[in-house]
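Me: I am new to this structure and would like to go through it by question and answer. Please show it before we start.

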Amino acid sequence: MISDSTAAVNQARGTTHVPVDVRAERLGGLTTEAVSGDFAAVDRLETLDLMRLLNAEDATVAQAVATQLPRIAEAVDLVVDALRSGGRLLYAGAGTAGRLGVLDASECPPTFDTDPSQVIGLIAGGPAALTTAVEGAEDDRAGSHADLARLDVGPDDVVVGISASGRTPYAVGAVQEATRRGARTVGLACNADSPLGEAADVAIEVVVGPEVVAGSTRLKAGTAQKLVCNMLTTGAMVRLGKTYGNLMVDVRATNAKLKDRAHRIVTAATGADEQAVSRALAEHDGRAKHAVLALLTDWPRERVDAELARTHGVLRAAVPNAEDRSSVSDHDGPPLQTGTPDRLRTIVRSPGSSPTSTPNDETRHGDPT
C-alpha cells in the first residue's frame with residue numbers, strides 16, 4: 001500500500017514537475033543497473049556463442065516470473081473486478097515499459113473483442129514516444145497526472161505502473177495519482193523493494209538479475225514485463241469468459257487469417273462439418289461465439305443473441321449442460337469432453353497453486369472450489 005510519507009510528498013507536489021537527482025538515488029545499486037563480470041567478455045564471443053549466452057539468460061526469466069505468481073494472480077483479480085463493473089485497465093510506463101503496455105492494450109480488441117477504451121496503454125511523451133525516444137519524458141511525474149486526469153481515472157479502474165527500475169517518476173507518479181483518485185493499483189518492476197511497489201496496492205517485482213549488456217532493460221527485464229502483461233490480460237479475459245475452454249471464441253475476424261481461425265475455432269468447439277460452420281458464421285456476421293452456440297443448440301439467431309446477452313457474453317454459461325459438451329477438439333475430429341487434461345491438472349495442483357475454476361463462477365484465485 002502507499003505509505004503516509006509517500007502520500008504526503010505526492011500531495012505536496014501536486015502536478016508540479018520536480019527535477020530528478022539520480023545521483024542522490026544511487027541508481028548504480030539497482031540490480032537492473034548492475035555490471036556483471038560474468039558478461040565482461042561478451043564483445044569477444046563468436047556470434048553463435050553470443051546467441052547461446054543471450055538465450056541462456058532469457059531462459060531464467062520465466063522462473064523469476066514464477067516467484068511472483070501469487071501477486072500476479074491478485075492483480076488479475078483486481079482487473080477482473082474492474083472490467084466486470086464497467087471499469088478499465090490502464091498501463092502507464094516510459095520507454096520500453098511504456099511500449100509494452102501499449103502493445104498489450106492494443107492486442108486486446110482483436111484477440112478478445114474488447115472495446116478499445118477498456119484496456120489502455122499510456123506512455124510518457126505520448127504516441128510519438130512509441131517509435132522515437134522523447135528526452136526527459138520518463139522524469140515527467142506531472143505528465144502522468146495529466147494523462148490520468150484526461151481519462152478521468154476513478155474508483156472503478158485499475159492502473160498498472162510499469163518500470164524496470166521501479167523508480168521511474170512517470171510510472172510512480174501514475175500509481176500515486178491513481179491511488180489519490182481511488183483506483184486500485186499495481187506496480188510492475190524488476191527490482192525488489194522498489195518505490196513503485198511501495199506505492200501500489202499490489203507489487204509485482206520480477207528480479208531477473210543484471211543484463212548481458214549492463215543496464216539494457218529491454219532485454220531480460222523487458223521480457224519479464226511482457227510475460228506479466230500477457231498474464232494480466234489473458235488471465236482476466238479467461239476469468240471473464242472471453243474464451244470457451246482454450247478457444248479464442250471472441251476473436252474479431254478482421255482479415256483472412258483471422259477469418260480462417262474463426263472457422264477452425266467453431267469447428268473445434270462443435271465438431272460440425274465445414275459447410276455447417278461456414279453457414280453459421282455467415283448467419284452470425286462472422287462471430288465465432290455466436291456460431292458455436294447456434295451449432296450446439298440449433299437455436300435461431302434471435303435466441304442466440306438473447307442468451308449471450310443474458311450471460312454477459314459468457315459462452316459456457318449460455319450452453320445447456322456445458323460441462324457435458326466440448327471445450328476443445330482436433331480440427332477434423334469429434335469434440336473432446338470437458339475436464340482437466342493430465343498436464344494441466346499437474347500444473348494447477350502443484351504446491352502453492354490453486355485449484356482450477358471455470359471462468360463464469362465467482363471463485364477467486366486463492367479460494368477453495
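Me: In which loop is D113 found?
Reply: This is a predicted model, and the location is read from it. Helix α6 covers residues 95-112, and the edge strand β2 covers 119-123. D113 is found in the loop between α6 and β2.

Me: Is D113 buried, partly exposed or exposed?
Reply: Buried means under 20% relative accessible area and exposed means over 50%, with partly exposed in between. The relative accessible area of D113 is 37%, so D113 is partly exposed.

Me: What is the phi of D113?
Reply: D113 is a residue other than glycine, yet its phi has a positive value. The angle is near 55 degrees.

Me: Where is D152 found, and is it buried or exposed?
Reply: D152 is not a glycine either, and has a positive phi of about 50 degrees. Its place is the loop between α7 (141-150) and β3. Exposed means over 50% relative accessible area. With a value of 58%, D152 is therefore exposed.

Me: In what order do the strands of the open sheet lie?
Reply: The sheet has five strands, and the pairing is parallel. Its edge strands, each pairing on one side only, are β2 (119-123) and β5 (202-205). From one strand to the next the twist averages 15 degrees. The order is β2-β1-β3-β4-β5.

Me: Which residue of β3 is the bridge partner of A92?
Reply: Strand β1 pairs with β3 in the parallel sense over five bridges. β1 is also joined to β2 by five bridges, again running parallel, and there G93 stands opposite I123. On the β3 side, the partner of A92 is G161.

Me: Which residue of β5 is the bridge partner of A189?
Reply: Strand β4 covers residues 184-189 and pairs with β5 in the parallel sense. Four bridges hold this pairing. The partner of A189 is E205.

Me: Which residues of β1 point one way, and which the other way?
Reply: In a regular strand the side chains alternate between the two faces of the sheet. In β1, five of its five residues are buried. L89, Y91 and G93 point one way, and the other way point L90 and A92.

Me: Which strands does α8 touch where it packs on the sheet?
Reply: Helix α6 (residues 95-112) packs on the sheet and touches β1, β2 and β3, with its direction at about 160 degrees to that of β2. Helix α8 (residues 169-180) packs on the sheet too, and its direction makes about 160 degrees with that of β3. The strands touched by α8 are β1, β2, β3 and β4.

Me: What is the handedness of the unit made by β1, α6 and β2?
Reply: Here β1 and β2 run parallel. Together with α6, they make a β-α-β unit that is right-handed.

Me: Is G222 buried or exposed?
Reply: G222 lies in helix α10 (residues 220-239). Leaving aside neighbours within four places in sequence, G222 is in contact with L100 and T217. Buried means under 20% relative accessible area. The value for G222 is 6%, so G222 is buried.

Me: What percentage of the residues of the protein count as buried?
Reply: The protein has 16 helices and seven strands. Its accessible surface comes to about 18100 Å², with 52% belonging to carbon and sulfur atoms. Of its 369 residues, the share that count as buried is 46%.

Technical notes:
Residues are numbered from 1 along each chain as its sequence is written. This is a predicted model: local features need pLDDT of at least 70, side-chain atom pairs count only at pLDDT 80 or more; totals for chains, interfaces and linings use all residues. Side-chain values use heavy atoms; hydrogens and water are left out. Two strands pair if DSSP finds at least two bridges between them. Helices (H or I, at least four residues) and strands (E, at least two) are DSSP runs, numbered from the N terminus. Axes are lines fitted to C-alpha atoms, for helices over the stretch in contact, and angles run from 0 to 180 degrees between N-to-C directions. Contact means heavy atoms within 4.5 Å. Buried means under 20% relative accessible area, exposed over 50%, partly exposed in between (1.4 Å probe, protein chains only). Accessible areas come from the Shrake-Rupley method with a 1.4 Å probe; for residues, only the protein chains shown count as cover. A crossover is right-handed if, with the strands pointing away from the viewer, the path from the first strand over the helix to the second runs clockwise.
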